[in-house]
Every structure is written in C-alpha cells, then in structure tokens.
Amino acid sequence: MLYCYCHLQDDLKRLKEQYPGFQVKTIGNSCLGNPIYAFALGTGSKKVFYSGAMHANESITAKLLMLFAERVLQWPAGAGKKIPFRDRATLWIVPMVNPDGVELVCHGLESVTPEWQEAVVEINDFDFCFDTWKANIHGIDLNDQFPACWEEEVARRDADRPGPANFPGTRPLSEPEAIALAEFTLAQEFDLAIAWHSQGEEIYWGYRGFEPPESKEIAEKMAKSSGYTAIQNVESDAGYKDWFLMRFGKPAFTIECGLGVNPLPVEDATEILKKTWGILTSGY
C-alpha cells in the first residue's frame, strides 16, 4: 500500500478535529487544482521548514511527516526533552508538494482528469505502470525547477521533452507547485530547510560553496543521530536545497530516507520515523 493524497487529506481533517489549535493553510494549487497544504508546529522564534513528496513516487516522505506531526501533537506540553524544537522553533511543514503525481503513482490513470490522460500516457512512453514517475502531471521534475544554475542542470539531464523523471521544463519556476514552494519560502524567510526525499539513507548538505560553515556541523549531528551518511556535494543543480542555499546562504539539506526501490511501502514509514526522530525533532 502507498500513501496517497486522499490519505493526506483524511489525516489533516482528523488532526484538525482532534487538536483545536492545529491549523492548516493552502500555499497554492497543483496543475490539476489540488490544494498544496502547509501547517505549523511549535512556537519558537527560529523558523524551520520541511517539505515532502516533491517526487511523485516518494509519498513515503509525506507519511513520515504526518506521523511525526501526530506524535508532536500527542506529546504533553512539558515534554521538551523529547520534542526539543517545540519551544525554540516554529516548524512549517508542506507534506506533499506534488499531489497530482502522487495520485498518479498510487491510483494510475483514473486519478488524472480526462483532458490530461492521453498526454500522461504518451509522456510515460505508453506504459500504464507509473511506479517510476517522479514528475508533476505535466511531466516536469519539480526538483529541477529552481533558479540555481538551472541551465547547467538542463545540459546535464539532456532531456528535451516532458517525461516521468528528469525533465527540468522550459524555464525555472514554470510549474505551479514549484512556484508555490518558492513563494512560500520567500515569504517566510526560513532559517533552515530540509527537503525530504527517498531513498538511500543519505544527507546532502552543500551546494557550490553556498552552504554556511554551520551546515557541516549540523549534517554531522544528523548523521550521528540517524546512522545516515552525510555527503557535501553531488553532481546536481536546480533543486530546492540548491536554490535555498544560493538564495539565503542558510543551512539547507536534502535527506534521502529509507532503503529499497521507490515507491517505498507506507509500512516503512514507522521505521524511518524511528531512525530520523533526532533530525525531525531537533530544530537545529
């Protein structure tokens, strides 16, 4: 079983009913008009941001973030040692950046509006299995959409048309999901950001020297608490983490959580939560 957009909506509704102080907002809409949701935890002055499910076949990250949110909401107010970020940081979470793509991976072509079905099948090379689909419904990889050496990423990818993965589009920030994420980030001016992806148990913390000195120390702490491997640089551009580092010069990380082949089953989220609990709760 996979974690889909309908599950996310159900979880958000349930948490709002159970916890009166829990508020959800919409930061934008997807290509197909699905709301992109955000919510905040904690009351501190430091502003931290987590995003999940930017890639369609990585909805395990949305489940991870929702499990984490529910644990935080359940925890007694005085349990600062278990949830250390709560008093010193406000943590904003966008659990599912790419709802259309997630629904396509989870439910197939029936999840797509009729006017887009033919195009989606063509983008997927007439294959009706969408397990390898990472893109949004336009066939554009949202983590190749940000203005951080975007032209270099286009040359590296060598993809000249929409596809299930790795097509950066015809210009940066052409897609509504990427625009929503960028505008929300600019409005909030976060002090630290983590883009949660799957899989590989790795932490990427640098980008072309734009990372501040404290990024290395934070990455090493993350690695120690989780058992993940901290890696400074990978051959990649135009990602959200890359843009955040270049734009703000503040710590940002891409975390590849879990092991296996995407899409990871939703059942893996509980074990991932245990391994990454120290990262999720610290606020750094």
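Which residue in strand 5 does Tyr50 stand opposite? Select Tyr50 and look across to strand 5: the residue is Ile194.

First, some ground rules. The model is predicted, so local features need pLDDT of at least 70 and side-chain atom pairs pLDDT 80 or more, while totals for chains, interfaces and linings use all residues. Numbering starts from 1 along each chain as its sequence is written, and side-chain values use heavy atoms, without hydrogens and water.

**Stop 1: the strands.** Select residues 46-51, strand 3, with residues 192-197, strand 5. They pair in the parallel sense over four bridges. Pairing takes at least two DSSP bridges. Strands are DSSP runs of E, at least two residues, and helices are runs of H or I, at least four, numbered from the N terminus.

**Stop 2: helices 2 and 10.** Select residues 60-74 and 269-282. The axes come within 10 Å and cross at roughly 65 degrees. Axes are lines fitted to C-alpha atoms, for helices over the stretch in contact; angles run from 0 to 180 degrees between N-to-C directions. In helix 2, show Leu64 and Phe68, among others; in helix 10, residues including Leu273 and Trp277. Contact means heavy atoms within 4.5 Å.

**Stop 3: helices 7 and 9.** Select residues 176-188 and 240-248. They pack at about 30 degrees, axes 12 Å apart. The helix 7 side is Leu181, Ala182, Thr185 and Leu186. Helix 9 brings Tyr240, Trp243, Phe244, Arg247 and Phe248.
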